[in-house]
Structures are given as structure tokens and as C-alpha cells.
Amino acid sequence: MNSANIKAVEELLSVPQRIVIIPHKNPDGDAIGSTLALWHYLKNRGHEAVIVSPNDYPKFLKWMPGNEHILNFETKNSQALAAMQEATLIFTLDFNHFGRTGQLEPILEASNARFIMIDHHQAPSNYAEVTYSDVEMSSTCEMVYNFIEFLGDTSTITPEMANCIYTGIMTDTGSFKFSSTTSRTHQVVANLIDKGAKNTEIHNSIYDTNSPSRLHLLGCALKNMVILEEYRTAYITLSQEELDTYNYKKGDTEGFVNYGLTLEGIRFAVIFIENKEEGIIKISFRSEGDFSVNQFARKHFNGGGHDNAAGGRSDVSIEETAKYFVSLLEDYKENLNA
Ligand SMILES: [Mn+2]
């Protein structure tokens, strides 16, 4: 944030506000970690604050301190709606256009509240009075740490906040291995451990909570993997029938896409997941190196995200989607083999 932004935030927070904090739809570890950490911080500063999540999220994120106070818009609708309508200040975290909040979009559009955005995705839209946007950042959680530091308040970071911030940095960096992980990221993480983040427990809570059915679903996904060596690409398909066979629960396919990248020489990994209820194929893209999956997803699959991690969707069948995907690769052959 520049000094004008910091001053604007200080002014906004110098009087008691009714604050709502919003993560994106289908929130991940970074979205839940950052909203909870900010929620603790703002409450401790004497503001009224609530978190409204557009929908539910995986169980492995629900141990985080303060989680029980998050209002799921789908199940606590009237309470969440009232909070949003009465809000004087709205923080939007880990996304940068209202469309990422699903059914909250019209409510945000109509709101008279003032907005602060904290986010690390590309191409932010222009709805906030303070836009703290930085695509170089590992995670929104690292930015929340910076936000608190800009306000001179790192001494007020509690163990609860430290655990939440650590979680989002860990999940968004693939446990500190993605190229977005900087020495600064490690410095922040070191400070968080000093402030009470239980790094080993966090790792276990997030990654060592498999159910047998999830591991069987992973087995199915890996069996389905198609490897296209000439394009240095690997892709996985999972049909609704397969998901049903293995008793799929929200979050079960999290991380499956990354297995493609663990193959030697593979740079581009994709997973296509059928969702019969929404009538779409949900797609996740991952890459290593310079190949921008953000651009690829934007151009061909109604999506976007980061250079090395992006999402998209398709409205045709899973077979047709995969076929179309493969047909695109010839044009990127040079790029993928660079
Ligand atoms: Mn993020």
C-alpha cells in the first residue's frame, strides 16, 4: 500500500465501523485464513465485524480459530444479509471482482458501504476506496500481515491470528515451494511462528485428514491421467459417476491437479471435473515455469487466476472438453517446450 492508502485506512479505522469481511466463493485456505486473521484484528481494535462466506468450504479448514463465527450465506441467509446491508465498511479478500462471490454480487453492487480490497490476483476491478493489490504476493494472508504492519500493529498479532495467516501462506504457496515464495515470505512465516503459529499442527490439520474414500478417488484420478509428452502436458478427468462412486465430498479433489506436475518433464497439468448439478465442467490449470495458465484459461475456458495456477469452466461434455483442450495444445507446443 502507498502512504495515501495507509492514511485512508487509518482514517476509516479511527472511528467505530460495522464491518463485513468477504472471501470468494468456494473459499480456500488463503481466503478463510485471511478473512479470519483480519476479523480478529478488527475486533481487537474495537470494531464490529462479521465474515460472510458466499458458500460452504471443506472441513479441513474449519479448525481455524474463529471459524464458528463465519456466516455461511447459504445457511445463515437472513443474518448474513442483514450484516451486509448494515455494513459501513466492507473488506473483500482474495478476489478482485464481485463476480467471484456468486450470489453476493448484486448485494455488493447495491451496497453504500465503503470498500477495501486486499488481493493478489491479476486485473483488479475498480470498486474499492482502498485497493491493496499486488500480483507478486504469495497470498492474501501475507498481504494481511503487511496490512497490519503498515498500520504499525504487528505487536498486536495474537496466536489465533498467527495460525490463520500461516495457514493461508502455506496453502497458497504449496507449502512454500511455488515461485511466489520469497525471502520476505519466509521472514513473515518466521515471525508468525514466534507469535504462536503451530506450524506442524497446521500442516497436519490441513494435509493429514484424508478419508479412505478420498484416497480411493485420488487413485481413480491418477488412473485416468493422460500424459502427452510432446506437449509436456498431463491431464485428468473425473466424471460425476466416478465422484459418486467414491462418495465425493466438497474439497476431496483439492490438490489432485498438482500430481501431473510431479511427473518428470511435465510442465502443464490440468484436471477436468464434471459437475452435473451445475451442468458444467470445472477445470483447474497448473504450470511450472513461464507458461501462463492465467492467459490460457482466460482465452479458452472462461477463467483466469495466476500465471502458474488458474481455473476455468466448460459447458460441453467432459469428453468434448478434453478433446477441445487437446486440440489447442499444438498452438502452444513451442511455448510448452521452451
Ligand atoms: Mn490466494
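**View 1. Helices α2 and α5 cross in a right-handed sense.** The model shown here is predicted. The axes of α2 and α5 come within 8 Å and cross at roughly 20 degrees. Angles under 35 degrees count as roughly parallel, and α2 and α5 are therefore roughly parallel to each other. On the α2 side, the contact uses Asp30, Gly33, Ser34, Ala37, Leu38 and Tyr41. On the α5 side, Thr140, Cys141, Val144 and Ile148 take part. Sorted by class, this contact of α2 with α5 holds six nonpolar, three polar and one charged residues.

**View 2. Helix α2 passes helix α6 in a left-handed crossing.** Helix α2 spans residues 29-44, and helix α6 spans residues 159-172. Their axes come within 8 Å and cross at roughly 160 degrees. The cut-off for roughly antiparallel is an angle over 145 degrees, so α2 and α6 are roughly antiparallel to each other. From α2, the contact residues are Gly29, Asp30, Gly33, Ser34, Leu36, Ala37, His40 and Tyr41. From α6, they are Glu160, Met161, Cys164, Ile165, Thr167, Gly168, Thr171 and Asp172. By class, the contact of α2 with α6 has six nonpolar, seven polar and three charged residues.

**View 3. Helix α5 packs against helix α6.** Helix α5 covers residues 140-150. The α5 and α6 axes are 7 Å apart, at an angle of about 140 degrees. That angle makes α5 oblique to α6. Thr140, Cys141, Glu142, Val144 and Tyr145 represent α5 in the contact. They meet Ile165, Gly168, Ile169 and Asp172 of α6. The class count for α5 with α6 is five nonpolar, two polar and two charged residues.

**View 4. The protein chain is divided into domain 1 and domain 2.** Domain 1 runs over 3-207, and domain 2 over 212-337. Their C-alpha centres lie 28 Å apart. Eight residues from domain 1 and eight residues from domain 2 make the contact. The side of domain 1 that touches domain 2 has three nonpolar, three polar and two charged residues.

**View 5. UniProt places the annotation "domain: DDH" on residues 18-169.** The UniProt entry is unreviewed. Over residues 18-169, the chain is 36% helix and 19% strand. The end C-alpha atoms of this span are 27 Å apart.

**View 6. UniProt lists "domain: DHHA1" at residues 247-331.** This annotation, too, comes from an unreviewed entry. Residues 247-331 are 22% helix and 28% strand. The C-alpha atoms at the ends of the span lie 38 Å apart.

Definitions and conventions: Residues numbered from 1 in each chain as written. Predicted model: local features only at pLDDT ≥ 70, side-chain atom pairs only at ≥ 80, totals over all residues. UniProt positions renumbered as here; feature names shortened; annotations may be inferred. Helix = DSSP H or I, 4+ residues; strand = E, 2+ residues; numbered from the N terminus. Axes fitted to C-alpha atoms, helices over the stretch in contact; angles between N-to-C directions. Parallel < 35°, antiparallel > 145°, perpendicular 65-115°, else oblique. Left-handed = near helix turned anticlockwise from the far one by under 90°. Contact = placed C-beta atoms within 7 Å. Nonpolar A, V, L, I, M, F, W, Y, C, P; charged D, E, K, R; others polar. Domains from an automatic or database assignment.
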